[in-house]
Amino acid sequence: MLNTADFAPSAPRALFCAIAALCGVASAAEPVLPRPGFLQTQPAAIEVSWSPLRLPTGQKTALAGTSYLVAMDEEWGLGPSFYGAAKGNFGGLFTVGFTAQRRWRLAQDLHAAVSLYAGAGGGLSSEKLRFGGGLMLRPELSLRREMGPWYAGLTVSRTSFPSGNIAGSSLGFVVGYADGFKSYEPDESGQRVRGYRRSGLGFDEFAFSAGSYQPRKGSRGRGGAESKRMGKVGGALRQYVSEGAWWGIEAAGASQGGADGYMEALVGIGQDYALGSPTLRAGWQAAAGLGGGGDVDTGNGWLVKLGPSLRWKSPWGPSLLLDAGFMGSISGQFRTGYARLSLGMPLDQAVTPFGEPNASGGVVQTQTVSASLQRLSGVKFKNGREESVGQLGMVLTRELSPHVYGVAQAGSAAFGSAGAYSFGLVGLGLQTRPMTLQGLPGMRLGAELMVGAGGGGGVAVSGGAIMQGEAWAEWSFGETKRLRLRTGLGQWRSLRGQTQSSPLVNVSLGYAFGTLQR
């Protein structure tokens with residue numbers, strides 16, 4: 001928690017303000033500043049793991065995993081996780097879900113941990129390699145040695161797709177970095193404060209993007225056919241370490257071109273420079289990560305990209321980013337040029353170069369991370385059958401005003417027979433203020449509309465473009481009202497080719513926290 005003394009005005013300034021207040025005089029040179037913000041800090045950690053896996057066909061792969069865990073108390077942590085194939089010839093095998101972890105202190109610099117991951121996804125399948133409905137479970141036992149904020153250790157894990165035939169135990173390793181998760185109370189939403197440092201997930205900007213890939217001549221899919229032009233949509237989160245220099249994470253999926261099911265998740269860096277005006281900037285950016293699916297041959301899944309960028313910062317806050325360049329797989333045949341246009345929306349901003357708080361402050365807005373279970377009651381498959389599909393997803397929401405919020409969602413099929421169907425969506429929603437209804441305090445009503453990309457698992461979504469609308473009711477509970485239970489009804493729809501739609505039922509459990517919007 002921050003010390004309010006860090007923000008105390010000097011004695012002469014305090015005396016001046018007191019005299020001005022007693023005399024009823026408002027000074028233009030001494031504006032009334034927002035109160036200091038009181039950040040709560042919970043222990044948190046980001047972990048990266050490597051788990052070799054032998055498949056039923058005898059082939060070998062390995063899952064690279066990333067988890068962000070926030071302490072719920074002194075022993076338990078919970079947070080979102082991602083796993084993707086990073087070895088062999090299984091690029092495009094992805095799962096997204098959540099991990100619960102229990103730790104035991106064994107010595108001053110040694111601890112043990114037991115984790116359970118539950119998520120959904122899949123990848124390249126065949127008669128001998130089946131992901132079933134897509135549900136993945138991964139219990140893990142690990143022993144870690146600490147080195148300051150860093151730690152590393154060995155893991156023993158069991159990876160399984162219960163409704164498929166993929167299962168195996170392996171010895172791997174984990175590397176982690178311990179940090180703090182800083183946030184405001186959700187009931188401070190709308191209050192103006194001075195922020196000394198970033199809060200929440202620590203990103204300064206969210207960007208929605210649309211673009212295209214133009215594969216190079218000779219680039220072919222896994223089936224041997226020459227790769228065609230592919231449209232894509234996605235989103236990115238960025239943190240600016242200085243003016244013009246940033247790092248971030250991004251994800252995108254195919255939305256046009258018959259490559260439905262192609263997905264990618266990358267970590268990137270970039271730098272741009274002012275072109276005469278600080279609002280118009282040119283530079284470069286590079287990224288690397290995992291991708292595949294949709295008959296796109298990315299080999300073991302590793303992708304790299306590099307190219308120039310042009311960014312315009314509007315005087316109202318949002319920015320436009322145009323970037324282009326080259327992208328390719330390290331071991332597959334995917335080689336392509338790309339172009340992308342992104343709309344960036346500010347979330348927070350870096351502190352001054354000297355670590356001083358921003359005098360203009362910001363407004364606390366509520367952000368929520370949720371685990372979502374959805375049921376599509378009538379989904380058509382490419383082979384003509386129709387059945388229900390259960391999906392697991394991770395949902396991020398952020399208030400933009402008391403009644404408007406932004407939402408992003410990513411997930412995969414977990415129940416049914418659509419294993420390897422995955423999706424990513426972004427959009428906007430409307431909500432009421434908290435109210436008491438039928439004796440239930442902290443209730444909200446709302447509705448949202450999202451668009452994005454999805455595909456894989458044999459689901460008939462020509463091109464990959466999809467949309468989803470939902471009306472919902474939400475209840476806040478727990479001592480601090482940070483836990484959020486939401487139920488919703490809506491409609492899911494594909495947007496290209498022979499469109500299809502299905503009723504949707506959603507139940508989600510979320511964790512809410514306050515972050516600063518400047």
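Biologist: Is Leu504 buried or exposed, and what is its relative accessible area?

Modeller: This is a predicted model, and Leu504 sits in strand β27, which covers residues 501-517. A residue counts as buried under 20% relative accessible area. Leu504 is therefore buried, its relative accessible area being 2%.

Biologist: Which residues is Leu504 in contact with, leaving aside its neighbours within four places in sequence?

Modeller: The C-alpha atom of Leu504 is 8.8 Å from that of Gly469, a residue 35 positions away along the chain. Contact requires heavy atoms within 4.5 Å. With neighbours within four places set aside, the contacts of Leu504 are Gln374, Arg375, Leu376, Gln468, Glu470, Gly488, Leu489, Gly490, Gln491 and Trp492.

Biologist: How far apart are the closest N and O atoms of Asp323 and Arg340?

Modeller: A salt bridge needs a side-chain nitrogen of Lys or Arg within 4 Å of a carboxyl oxygen of Asp or Glu. Asp323 and Arg340 form such a bridge, and their closest N and O atoms are separated by 3.1 Å.

Biologist: Which strands does that pair link?

Modeller: Asp323 and Arg340 are both buried. They are 17 residues apart, and the strands they link are β17 (residues 319-329) and β18 (residues 335-346).

Biologist: Why does the salt bridge between Glu399 and Arg444 tie together parts that are apart in sequence?

Modeller: The side chains of Glu399 and Arg444 meet at 3.4 Å, N to O. Glu399 belongs to strand β20 (residues 386-399) and Arg444 to strand β24 (residues 440-455), so the bridge ties together parts 45 residues apart in sequence.

Biologist: What relative accessibility does Arg486 have?

Modeller: Arg486 forms a salt bridge with Glu474, at 3.0 Å from N to O. The pair links strand β26 (residues 483-494), which holds Arg486, to strand β25 (residues 465-477), which holds Glu474. Glu474 is buried at a relative accessible area of 6%. Arg486 counts as buried too, and its relative accessibility is 10%.

Biologist: Which residues are linked in a network of salt bridges?

Modeller: The count of salt bridges comes to 23. The residues linked in a network are Glu243, Asp272, Arg281, Arg311 and Lys313.

Conventions. Residues are numbered from 1 along each chain as its sequence is written. This is a predicted model: local features need pLDDT of at least 70, side-chain atom pairs count only at pLDDT 80 or more; totals for chains, interfaces and linings use all residues. Side-chain values use heavy atoms; hydrogens and water are left out. Helices (H or I, at least four residues) and strands (E, at least two) are DSSP runs, numbered from the N terminus. Buried means under 20% relative accessible area, exposed over 50%, partly exposed in between (1.4 Å probe, protein chains only).
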